[in-house]
Amino acid sequence: MIYLDNAATSWPKPPEVAAEVNRMLTEFGGSAGRGGHEFSLQAARRIFWTRQRLAELVGLNDPSSVVFTANATQALNEALFGLLKPGDHVIASSVEHNAVARPLRVLTRRGVEVSWIPAIGEDWFSLEEYRRSFRPNTRLVVTVHASNVTGALLPVEEIGVIAREHGVPYLLDASQTAGVFDLAALPADLIAFPGHKALLGPQGTGVLVIRNKISLQPIIVGGTGSMSESDEQPDFLPDALESGTQNGPGIAGLGRGVAFIQSQGMVTLREKEQALCQRLLDGLSEIPKVLVYGGLDARKKAPVVAFNIGDADSMLVGHILDTAYGIISRAGLHCAPYAHRVLGTLDRGVVRFSPSHFTTVEEVDQAVGAVAEIASQV
Amino acid sequence: MLYGKLKEYRAVITFPALTQELAAERVLERFGCPFAAIPTPHKLRQGCSTALCFPLERKDLAEEIIDDGVVMTGIYEVKDEGFLPLVW
């Protein structure tokens with residue numbers, strides 16, 4: 001099997017990730033933050049260690065501003081439903097994943113207005129339109145960092161700076177970029193990302209980073225192991241947004257994934273991934289009948305490559321890659337109908353390859369070869 | 001365009017969600033019926049979904065799947081020229 005679906009979830013993980021999950025289940029199985037006994041504290045310390053690793057990763061001094069969620073979708077929901085009220089205005093891109101698009105759809109029914117900044121030509125976010133879209137009641141800007149369909153990067157530095165000029169917080173969906181690009185210096189006030197993609201953690205983990213003391217109304221309230229004499233939800237982080245028992249094994253494993261990236265060096269890993277993506281882009285773009293989307297320069301993309309073969313249904317191509325060649329890709333709409341509408345591929349989708357730094361050059365060449373063979377037969 | 005097991009099995013069921021497809025697999029397993037999960041053929045599809053194909057000669061099992069409460073969006077016989085509603 002050649003695994004090229006890291007944009008969905010990363011695989012393989014470093015062995016220490018699984019080892020840590022196992023240790024949490026077999027040795028440190030206490031309920032973190034509940035009970036006050038040494039067994040629960042041992043589990044809590046391992047979770048706190050992950051919180052500290054993530055705070056370092058995003059350039060924060062205070063680990064309390066790192067909130068754990070089940071996934072990036074929950075993190076985005078916490079931010080969107082926690083911040084926006086009827087009568088508010090929000091600015092978003094036209095290529096958002098459903099993790100943002102669907103909450104905004106629900107919020108518009110509740111009286112929130114959305115300005116969707118258009119993609120124009122090769123430009124997936126018109127900064128000109130964006131500058132014109134601010135209103136007195138603009139409460140939030142939210143965009144994806146890199147499209148999960150094509151990997152194309154949005155101009156997030158400029159987006160954040162302009163939002164700051166208007167005194168409006170910026171929520172960044174870093175699902176495809178956390179662990180790939182440095183997020184610490186980006187002018188984003190809220191950053192949501194999954195633990196199980198490029199951060200190499202287990203599924204069932206996600207993170208919401210909250211900078212600048214932004215206050216969110218929790219969408220899930222309950223037991224936090226704090227202020228237990230009261231039926232009021234605590235208003236301090238992370239407790240305010242972390243009710244109920246967490247995925248301790250998953251979070252601890254995530255910490256090992258982050259530590260792996262820090263020890264190897266994110267820049268080193270990115271260089272390797274970028275070279276593999278460039279090899280994929282170069283190889284695919286030379287195959288007759290293959291159309292590559294989102295540009296041919298891997299430096300301007302997250303490690304995601306999207307393509308189609310002639311008029312073929314993308315899911316048919318993905319199925320052939322899987323069953324005849326053992327190559328795992330993701331074909332279809334990638335939970336991102338808005339991006340496909342921009343690409344004009346809503347009807348048949350695209351095939352998406354997403355290597356990681358664990359992918360080998362040989363595997364990339366085999367994938368290109370397989371696409372060439374399929375293209376000659378379709 | 002027919003592909004993979006669709007060419008061989010010739011009966012296909014489409015579903016609104018993966019959970020229903022998986023439930024249908026369990027029913028076919030109970031009756032020892034071979035099957036293959038495939039991307040829903042383009043002509044039968046909106047968005048992305050997984051369909052279930054199985055041998056046409058076992059088409060009576062469609063009744064069992066329905067009786068089990070599985071929600072389907074369609075059941076078809078697969079011809080070279082297209083998909084016809086399956087009659088059993």
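This is a predicted model: local features need pLDDT of at least 70, side-chain atom pairs count only at pLDDT 80 or more; totals for chains, interfaces and linings use all residues.

Guide: Helix H2 of chain A, residues 38-57, has 20 residues and reaches 29 Å from its first C-alpha to its last, close to the 28 Å expected at 1.5 Å a residue.

Visitor: Which residues of H2(A) are buried?
Guide: They include Ser40(A), Ala43(A), Ile47(A), Arg53(A) and Leu54(A). The buried residues of H2(A) pack against helix H1 (15-26), strand E2 (66-69), strand E7 (190-194), strand E8 (206-210) and helix H7 (248-264) of chain A. An α-helix has 3.6 residues a turn, so residues three or four places apart point the same way.

Visitor: What follows H2(A)?
Guide: Gly59(A) follows H2(A), and its phi is positive, near 75 degrees.

Visitor: What makes Arg53(A) a charge over the ring of Trp49(A)?
Guide: The distance limit is 6 Å from CZ of Arg to the ring centre, and Arg53(A) lies over the face of Trp49(A) at 4.8 Å from that centre. Arg256(A) also lies over the face of Trp49(A), at 4.3 Å from the ring centre.

Visitor: Why is strand E3 of chain A called mostly covered?
Guide: Buried means under 20% relative accessible area, and 5 of the 5 residues of E3(A), residues 89-93, are buried. His89(A), Ile91(A) and Ser93(A) lie on one side, with Val90(A) and Ala92(A) on the other. In a regular strand the side chains alternate between the two faces of the sheet.

Visitor: How do you know that E3(A) and strand E4 of chain A pair?
Guide: Pairing requires at least two bridges; E3(A) and E4(A), residues 113-117, have 5 bridges, in the parallel sense. Within this pairing, Ala92(A) stands opposite Trp116(A).

Visitor: In what order do the strands of the open sheet of 4 strands run?
Guide: The order is E9-E10-E13-E12 in chain A, with antiparallel pairing. Strand E9 (290-293) and strand E12 (330-332) of chain A are the edge strands, since each pairs on one side only. The twist averages 30 degrees from one strand to the next.

Visitor: How many bridges join E10(A) to E13(A)?
Guide: There are 3 bridges between E10(A), residues 305-309, and E13(A), residues 350-353. Val305(A) has Phe353(A) as its bridge partner in E13(A). Helix H8 of chain A, residues 266-285, packs on the sheet and touches E9, E10 and E13 of chain A; its direction makes about 15 degrees with that of E10(A). Helix H11 of chain A, residues 361-377, packs on the sheet too, and its direction makes about 20 degrees with that of E10(A).

Visitor: Why is the pair of Phe307(A) and Phe353(A) called tilted?
Guide: Their ring centres are 5.0 Å apart, and because their planes meet at 50 degrees the pair is tilted; planes under 30 degrees apart would count as stacked, and over 60 as edge-to-face. The two residues are 46 residues apart, Phe307(A) in E10 and Phe353(A) in E13 of chain A.

Visitor: How do you know whether Phe307(A) is buried or exposed?
Guide: The limit for buried is under 20%; Phe307(A) has 0% relative accessibility and therefore counts as buried. Phe353(A), with a relative accessible area of 0%, is buried as well.

Note on methods:
Residues are numbered from 1 along each chain as its sequence is written. Chains are lettered from A and ligands numbered from 1 in the order in which they are written. Side-chain values use heavy atoms; hydrogens and water are left out. The expected span of a helix is 1.5 Å times one less than its number of residues. Buried means under 20% relative accessible area, exposed over 50%, partly exposed in between (1.4 Å probe, protein chains only). Contact means heavy atoms within 4.5 Å. Axes are lines fitted to C-alpha atoms, for helices over the stretch in contact, and angles run from 0 to 180 degrees between N-to-C directions. Rings of Phe, Tyr and Trp (its six-membered ring) pair if their centres lie within 6.5 Å; planes under 30 degrees apart count as stacked, over 60 as edge-to-face and the rest as tilted. A charge sits over a ring if NZ of Lys or CZ of Arg is within 6 Å of the ring centre and within 35 degrees of the ring normal.
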